[in-house]
Amino acid sequence: MQLSAMQALCSQRLNEASGAAYYPTAEITAAINEMYRFFVLLTLGLETTASWTPATGTTFFRMLTAFSDWIAPLRITNAAGQKVRPGRLEDLSSLDSAWVSSAGSPTRYVALGVDLVGLYKQPAISTTLKITYAKSPAALSGGTDVPLIPAEYHPKLVDGAIYRLRQVEGASEFAKTKPLMDGFLDAATAYGNYVRARNLGSRYDKVPFELEKFDRSKLYKFRPDLTPARVVKDVDA
């Protein structure tokens, strides 16, 4: 589905088919893109492979400086095609107490936080690695732009966008959109399960978040630190 069709559908379902009175097209586009990025983040459904030449004598790297669309590493191999295996900080500390400063050919890596990756060993000479990583999508901007996820999930981006847009209305109007968000998460769960099986089959190092185990009720609860709404009762004079 093209972006223009998604915009028109979103406007129609917001009762603005005759023109953008309350929800400008730019705001609708931003909401669609937000849900597009969220869907890809939940499913790790987009990936790419690129060459990476880490700086010599360096252990830790911010991957977003090298790849602006970085989400998470899936597989790293060296020039000979040998896999650089994933690990944890405690694994490397047990293997080599001085691993942070050990130089040589990278054989293992750790992934921390959003984009921090550490190599063991740190490259002693210029080394080119091949890295496959889950990537975030480019924003949809032109009317003919099409999301890179399967077409069957495109309408769910509209559902999620309506949920996002109507948050500002609050109360019962916003409450009516809860089933739309549930449908969006159901779609992300289904596609995430497919991507998980695909990644396991490809022996990738990372699989998507297991949405089936997430308690969705937490999304719709009020913050416990907020003062309860005061109910005013009619009192007879």
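The points below cover the strands, the cavity and a surface patch.

1. A word on the source before anything else: this is a predicted model, so please read each point with that in mind.

2. I started with the open sheet, which has 4 strands in the order β2-β7-β6-β4 and mixed pairing. Its edge strands are β2, covering 60–62, and β4, covering 85–86, and each of these pairs on one side only.

3. How many bridges join β4 to strand β6? There are 2, and the pairing is in the parallel sense, with β6 made of residues 108–112. If you want a place to look, pick Arg85, whose bridge partner in β6 is Arg108.

4. Next comes strand β9, residues 129–135, which is mostly covered. Of its 7 residues, 5 are buried; the cut-off for that word is a relative accessible area under 20%.

5. With strand β1 (residues 47–52) β9 pairs in the antiparallel sense over 6 bridges, and Ser51 has Lys130 of β9 as its bridge partner. With strand β3 (residues 70–77) the pairing of β9 is again antiparallel, over 6 bridges. Here Arg75 is the residue that stands opposite Thr132 in β9.

6. The structure holds 1 cavity of 30 Å³ or more, and the largest cavity has a volume of about 30 Å³. Which helix gives the most to the lining of this largest cavity? That is helix α6, residues 178–201, with 5 residues.

7. Last, the surface. Phe60, Leu89 and Val100 make a nonpolar patch of about 220 Å². Among them, Leu89 is found in helix α3, which spans residues 89–95.

8. Why is Leu89 called partly exposed? Its relative accessible area is 33%, and the term covers values between the buried limit of 20% and the exposed limit of 50%. Patch residues need over 30% relative accessible area, so Leu89, at 33%, passes that cut-off.

Conventions. Residues are numbered from 1 along each chain as its sequence is written. This is a predicted model: local features need pLDDT of at least 70, side-chain atom pairs count only at pLDDT 80 or more; totals for chains, interfaces and linings use all residues. Side-chain values use heavy atoms; hydrogens and water are left out. Patches are made of residues with over 30% relative accessible area and no salt bridge: like charges are joined within 9 Å, nonpolar side chains (Val, Leu, Ile, Met, Phe, Trp, Tyr) within 5 Å. Accessible areas come from the Shrake-Rupley method with a 1.4 Å probe; for residues, only the protein chains shown count as cover. A salt bridge is a side-chain nitrogen of Lys or Arg within 4 Å of a carboxyl oxygen of Asp or Glu. Buried means under 20% relative accessible area, exposed over 50%, partly exposed in between (1.4 Å probe, protein chains only). Two strands pair if DSSP finds at least two bridges between them. On a 1 Å grid over the protein atoms alone, a cavity is a set of points where a 1.4 Å probe fits but cannot get out, and a pocket is an open set with protein on both sides within 12 Å along at least five of seven lines; lining residues have an atom within 4 Å of a point. Grid points are joined across faces, edges and corners, and a volume is the space filled by probe spheres set on the points.
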